[in-house]
Amino acid sequence: MDAAQQEATARARELQRNWYGEPLGALFRKLIDDLGLNQARLAAVLGLSAPMLSQLMSGQRAKIGNPAVVQRVQLLQELAAQVADGSVSAAEATDRMDEIKKSQGGSVLSNTTQTTSSSGAPTVKRVVREIQSLLRSVAAAGDIIDAADSLAPSHPELAEFLKVYGAGRTSDAVAHYQSHQN
């Protein structure tokens, strides 16, 4: 890989970190490990070709162009967390992955049972991720920051919201939300 290719890959991974909270290679490897998948099965569940998944993982491509695929990634992340905490068995996870594979996406801000905690209330992290996904599906992090800067003089609260939720990390947005409660 020459210097230009290395630079392009580094830029793609940084964009992925801004858009998805981490490089897609790391995110997809976690899903593969946590759910006991291989790359071909992950690609099939997400609705991507194996070469496209490989390009996203290696940083040859930066962005997932299809919002339905982004939503499937989020659903798989939730499923992996449920498998990790023992609330979903391996057999149930396999069935759920088949359901996720068949899902056509729909609204980015869905209100399905997967968006709720055991009490039935939406989880903060899930809501934050949905907001981030919606914002990032229409603009890159740099564009969101530029918009926030232009709004700051007249609408400082909106500017802060855009920076934290649109261009920030999920963990920072969750902490921000929790610090503003009560």
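Which side-chain oxygen reaches to the backbone nitrogen of Ala68 at the start of α5? I looked, and an oxygen of Asn66 comes to within 2.8 Å of that nitrogen. I count a polar contact as a pair of N or O atoms within 3.5 Å; within protein, one must be able to donate a hydrogen and the other to accept it, and residues adjacent in sequence count only if both atoms are side-chain atoms.

Ground rules before going on. I am working on a predicted model, where local features need pLDDT of at least 70, side-chain atom pairs count only at pLDDT 80 or more, and totals for chains, interfaces and linings use all residues. Residues are numbered from 1 along each chain as its sequence is written, and side-chain values use heavy atoms, with hydrogens and water left out.

**Overall**

I get 10 helices and zero strands for the protein. Helices (H or I, at least four residues) and strands (E, at least two) are DSSP runs, numbered from the N terminus. Of the 182 residues, 38% are buried; buried means under 20% relative accessible area, exposed over 50%, partly exposed in between, with a 1.4 Å probe and protein chains only. I also checked contacts (heavy atoms within 4.5 Å). Among those between residues at least 6 apart in sequence, 60% join residues at least 24 apart.

**Helix α5**

I checked the length of α5, residues 67-84. Its 18 residues should span 26 Å at 1.5 Å a residue, and the end C-alpha atoms are 26 Å apart, so the two agree. The expected span is 1.5 Å times one less than the number of residues. Buried residues account for 13 of the 18, so I noted α5 as mostly covered. Just after the helix, Gly86 has a positive phi of about 85 degrees.

Is Gln74 buried or exposed? Gln74 is buried, at 6% relative accessible area. Beyond its neighbours within four places in sequence, I find Gln74 in contact with Arg126, Arg129, Glu130 and Ser133.

Gln77 also lies in α5, and is buried with a relative accessible area of 18%. With neighbours within four places set aside, Gln77 touches Leu27, Leu31 and Arg129. I looked up the Leu31 pair: 46 residues apart in sequence, 6.8 Å apart C-alpha to C-alpha.

**Helix packing**

For the angles, axes are lines fitted to C-alpha atoms, for helices over the stretch in contact, and angles run from 0 to 180 degrees between N-to-C directions. Under 35 degrees counts as roughly parallel, over 145 as roughly antiparallel, 65 to 115 as roughly perpendicular and the rest as oblique. A crossing is left-handed if the near helix is turned anticlockwise from the far one by less than a right angle, and right-handed if clockwise.

Val70, Gln74, Leu75, Gln77 and Glu78 of α5 meet Arg126, Arg129, Glu130 and Ser133 of α7.

Next, α2 (residues 24-35) packs on α5 at about 40 degrees, with axes 10 Å apart. I call that oblique, and α2 passes α5 in a left-handed crossing. Residues making the contact include Leu27, Phe28 and Leu31 of α2 and Val73, Leu76 and Gln77 of α5.

Last, α7 (residues 124-138) and α10 (residues 170-179) pack at about 120 degrees, axes 9 Å apart. This pair is oblique too, with a right-handed crossing. Among the residues in contact I noted Val128 and Arg129 of α7, and Val174 and Tyr177 of α10.
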